[in-house]
2 protein chains.
Amino acid sequence: MADKKPVNHIRLTSHPDGQAPGVPLRWGESEPLRRGPVVATLSDPANRNVIGTHSGAYSIYRALAVSAGKLPQDHKADLTNTSPAAQVGPHPAWSDPKRIVSLDPWGAVASQVFRAYAEQGVDYRPTIAVTRAHINMPEVREAMAAGRLKVDGDLVAANGDVKVVKAAVEPVWYLPGIAERFGLTEGALRRGLFEHTGGMYPELITRPDLHVFLPPIGGLSLYVFGNINSLADRDVPLAARVHDECNGSDVFGSDICTCRPYLVHGIEECVRMAQQGGVGLIVYHRKEGRALGEVTKFLVYNARKRQEGGDSAATYFHRTECVAGVQDMRFQELMPDVLHWLGITRIHRFISMSDMKHDAIVRSGIEILERVPIPDGLIPADAKVEMEAKKAAGYFTRGPVADAGELAQVKGRDLDA
Amino acid sequence: MADKKPVNHIRLTSHPDGQAPGVPLRWGESEPLRRGPVVATLSDPANRNVIGTHSGAYSIYRALAVSAGKLPQDHKADLTNTSPAAQVGPHPAWSDPKRIVSLDPWGAVASQVFRAYAEQGVDYRPTIAVTRAHINMPEVREAMAAGRLKVDGDLVAANGDVKVVKAAVEPVWYLPGIAERFGLTEGALRRGLFEHTGGMYPELITRPDLHVFLPPIGGLSLYVFGNINSLADRDVPLAARVHDECNGSDVFGSDICTCRPYLVHGIEECVRMAQQGGVGLIVYHRKEGRALGEVTKFLVYNARKRQEGGDSAATYFHRTECVAGVQDMRFQELMPDVLHWLGITRIHRFISMSDMKHDAIVRSGIEILERVPIPDGLIPADAKVEMEAKKAAGYFTRGPVADAGELAQVKGRDLDA
């Protein structure tokens, strides 16, 4: 089945044809028709104004579907009835090309605001979807049973259902803005992304006229409790947690970290805030294992639990660095974009102890009034290693911070226990 | 900050140099040193024997970390103490180049079996990590309180902790084998993957001598309950669920589908089977929204709930097809690979109603003795639309299947309700 003949008539990359792309994409323009839609269609290459294709990493499955003859190459989405179930913006940050650089602020309303392009046959897709849902979590039911959350018949039903507006957001990277966040030239960023992936997307090099990239990575989801329009009102109290995916805890309840317990505590705070006339927000980023991926994470677990002296808060970060070369690859520099998309300028209760998240948000111009640590009772015994190490490294706490001697005493379970 | 000068001295793609790669990669060879390790290092291009880099979609974050100066380009992982916490294989399927094509069977033990290459300075990485954990889920505690699960002091502790062996598996695609699964030539597959991603990885075209690709997609996790060595013993009863990610339900408990309830039921079945002397397995694939991604999924939710007549089992699949062009992109054809990696030849209780999963597993040569549907009491009211539509489309059930008229009567909640 393998055919080793060189395959002909394939264009390995594209080059600027000397004129601007058929459809403009002027990042930061306030008037949508001047801004222009994100056009990633493969059916009409002349109109493409980005590098890459839609759906983040799922673009590879789409390519497989087309290759396998399951999906027509020129399928055009029928977007009837798909428009946002709640309105977001436009907010002033949408027309600031430096404030939002990792998602398309017009991505949810593309079908509406760019209709004039659709009428000219331009095939573009929304990159954000906003819907409504009921969620039902056992820990919320437990909080109701314990009297910490009340049924109100609107936000919270007697069976534990909680009403939310939720959105899924696909990554859309404005490369000059991303580069600036990291203190790089656009050229250095583009070259780095190309070379250090082993040669992904040569258009990063050959199409300096295209400044927007749809990277094959996971995006984010967000959940709003209460009136979504209140998010942009700095006088309405807002409880917010920005959570980074941890499948092992978020889904399976692993006891080595505090991810699901803190997430659930954030949801409880959000519900309570909304019931008191405020609003709540959970942002969920697909950045498994500090964006190092789960293979690296599990390798580090083994190294932590097998090291001489056992798993210890004193060596917590060092073990990750041995395996991965860094402690963290989440790049919180890009994280505040979604908050600006929602029009947020002040967070009253920030349900996170992360100094990296806190500092990134504040640096981006959003005020944080109060930080809410995870209640001690929610920390699994084996997760104390992580918690003490993080507090010693600068995470927010109202309690004492362990010194080197004390950190060495905070021990986790053995691997085989 | 934008620099529009063409960037020079960049090699846009590589070409075969007329001799085989420095390190062989002979897929399906039974002797590891003849098989050779997966070498994706960028520090030593001459030894590379694959297209792409490690960590699936997280390779983009790695490229960002190197570009931003946070990670040295030539960082070599210190893999001390990271070896698997439980042994898997080798099993006969490991040396069958057609049986396993989407993961590297030697990926967990790479550090051990390929040591001779490391001694020659070859920089390779494991693509699978195996560790041990305790998990604690509220639904398991509920099952204990209801008397459906018992404390045994070993697998299940009084506080609800359940002991597992778990593994994370990174995608490693042997392109000739992938192509064969889909009835394509390798050339057609490679060209399709290149062109329908908008030009990702020209080496798919220019390096016909490289047959292995590390695609930037999510991988899978697996959880084993009981003795992992029993998985390969066809006489030890095995309960298994193959689950595809659904963040909205798995983490947040959305009531529009049965994902978390069925997953949790699967875990309960696995624990019970292990307590009765058998073994349990949950496989978790990162294939959000049938591998269409969450933006598409939420668009479909809106279209379903707003269509004339409201959300209905009769039009359930049609709405997805309108938006995405297909009903499903999960490609269960590749899914059984992980079961063969574990040495499984028989599943006694298969905790899934999916005909696609069942058929793919059976076609791959694994026997399935019994199929276990989700108990009716676990189906949220709003998820009945999905459940009845799936049963009518061929999903396994022991109960009645709705006809067209009955399907039209199965209605979900309005979007704003």
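Reader: What is the relative accessibility of B:Glu333, and is the residue buried, exposed or partly exposed?
Author: This is a predicted model in which local features need pLDDT of at least 70 and side-chain atom pairs count only at pLDDT 80 or more, while totals for chains, interfaces and linings use all residues. Residues are numbered from 1 along each chain as its sequence is written, chains are lettered from A and ligands numbered from 1 in the order in which they are written, and side-chain values use heavy atoms, with hydrogens and water left out. Buried means under 20% relative accessible area, exposed over 50%, and partly exposed in between, with a 1.4 Å probe and protein chains only. B:Glu333 therefore counts as partly exposed, at a relative accessibility of 26%.

Reader: Which side chain meets that of B:Glu333 in a salt bridge?
Author: A salt bridge is a side-chain nitrogen of Lys or Arg within 4 Å of a carboxyl oxygen of Asp or Glu, and B:Glu333 forms one with A:Lys70 at 3.4 Å, N to O. The pair joins two chains, because B:Glu333 lies in the loop between helix 13 (316–324) and helix 14 (337–341) of chain B, and its partner in the loop between helix 2 (59–67) and helix 3 (110–113) of chain A. Helices (H or I, at least four residues) and strands (E, at least two) are DSSP runs, numbered from the N terminus. The partner, partly exposed at 44% relative accessibility, is A:Lys70.

Reader: How many residues apart are B:Arg35 and B:Asp104, which form a salt bridge?
Author: The closest N and O atoms of B:Arg35 and B:Asp104 are 2.9 Å apart. B:Arg35 belongs to helix 1 (residues 32–35) of chain B, whereas B:Asp104 sits in the loop between helix 2 (59–67) and helix 3 (110–113) of that chain, so that the pair links distant parts of the chain.

Reader: Which element of chain A is included in what covers the buried residues of helix 7 of chain B?
Author: Helix 7 (residues 186–195) of chain B is mostly covered, with seven of its ten residues buried, among them B:Leu189, B:Arg190 and B:Phe194. Contact means heavy atoms within 4.5 Å. The cover includes helix 6 (175–181) and helix 8 (203–206) of chain B, as well as strands of that chain, and from chain A it includes helix 2.
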